[in-house]
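Here is a short briefing on packing and charge pairs in one structure. Look over the sequence and the coordinates first.

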Amino acid sequence: MKPFPESDHCDGRSFHNPASYRLSPPLQVPLERPSVEPDFTSILSWQRSLRLRWPNDVPTFSAEPFPELAPGEISASFINHSSFLIRIGRVGERPLAILTDPILSERCSPFRHFGPRRVVPPGLAFDAIPAIDIILVSHCHYDHLDRPTLRRFGRRDRPLCLAPLGNRRHLRGLGFSVVATLDWWQEFRFDPITITAIPALHGSARTPFDQNQALWSGFHIDTGLKRLIFAGDTAHGHHWAEINSRLGAPDLALLPIGAYEPISLMQPVHMTPEQAVEAAMLLEARHAVAMHFGTFQLTDEGYWEPGGRLERCLNSRGRDLSWFSLPERGQSLRAP
């Protein structure tokens, strides 16, 4: 018996990106070689010789007080990388607290003393993060599924954990009250919200031997009053238009803008800042927030490059950072 349901993104045993979501042509730039989805070994070997080293003394930002929220309102506080604290106002109770892909560790790596090391501290320390109700894990790469950080929250708060299919084995023994795994478009209801797993164009592996044995996704949160999208890790594609068509335009879209160089290796799995702007436009997002930049050096672009490219792209399209924000660590943004 096959462990997973067969679909346009699963053969029953492993997962893949549907051809219908791929952009054709993928990019209007010459590639150094034919673009294929990178595997675990190719990523590790390439990371040993990154072209441009990041600084070690990046300025930090003092965390802001969390905003007051009416029932159904949403705020997102940027911690680092793809980690946000999402707070949702509730009647007569403290705000519901959700964490996305939390990583507070010094490195995103299977090794304690080797692998990408953070260049800035998290925008919110562990003790500054309130009790967590739900943790969303988009996929099993080490910069998104960090077991040491997940264990800390699991032991302290006993939250519910949601992840895509096939990731349950990576989340065992971490102290969660429940681990629920979802296929794309499946819903999970947690009063008063509905969380839907949404498509992403990416891949998965934690070793050289488990390539694409677990699914990857983003998440859509609907409070009944506001909608938020956490895109996870994804390339640019036709899935944005389908998400908008099925679930409606989000009030707040958290979109990745970093880890895109070299294009020949990264374009099947990550977005450039320009593509993130186009994704926000296809989603018809009321407001977008950048993520997946400036914490761990995973790829060849310089530390300041994603933010500069984002701002130039917005200017060229007649928009500005009031619509697509480049957040400081510890900064909280409220859904409009």
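Predicted model: local features only at pLDDT ≥ 70, side-chain atom pairs only at ≥ 80, totals over all residues.

Residues are numbered from 1 along each chain as its sequence is written, and side-chain values use heavy atoms, with hydrogens and water left out.

**Nonpolar cores**
- A nonpolar core is a set of buried Ala, Val, Leu, Ile, Met, Phe, Trp, Tyr and Cys residues joined through side-chain atoms within 4.5 Å.
- Buried means under 20% relative accessible area, exposed over 50%, and partly exposed in between (1.4 Å probe, protein chains only).
- The largest core holds 51 residues. Ile86, Ile98, Ile221, Leu254, Leu255 and Phe324 have the most contacts inside it.
- Helix H5 (residues 273-283) gives the most to this core, with five residues. Helices (H or I, at least four residues) and strands (E, at least two) are DSSP runs, numbered from the N terminus.
- Ile86 touches, among others, Ile74, Leu96, Ile98, Ile221 and Leu254, not counting residues up to four places away in sequence. Contact means heavy atoms within 4.5 Å.
- A second, separate core has 21 residues, including Leu99, Leu124, Leu150 and Val179.

**Helix H2**
- In H2 (residues 147-157), the buried residues are Thr149, Leu150, Phe153, Gly154 and Asp157.
- These residues cover an arc of only 135° around the axis, which puts them on the same side of H2. The arc is that of the directions from the helix axis to the C-beta atoms.
- An α-helix has 3.6 residues a turn, so residues three or four places apart point the same way.
- Strand E3 (93-100) and strand E4 (134-136) are included in what covers the buried residues of H2.
- Arg158 follows H2, and its phi is positive, near 50°.

**Salt bridges**
- A salt bridge is a side-chain nitrogen of Lys or Arg within 4 Å of a carboxyl oxygen of Asp or Glu. The count by this rule is twelve.
- Arg90 pairs with Glu93 at 3.9 Å, N to O. Arg90 is buried at 17% relative accessibility, whereas Glu93 is exposed at 52%.
- Asp157 pairs with Arg156, with the closest N and O atoms 2.9 Å apart. Asp157 is buried at 18%; Arg156 is partly exposed at 34%.
- Asp210 pairs with Arg169, with the closest N and O atoms 3.9 Å apart. The pair ties together parts that are 41 residues apart in sequence.
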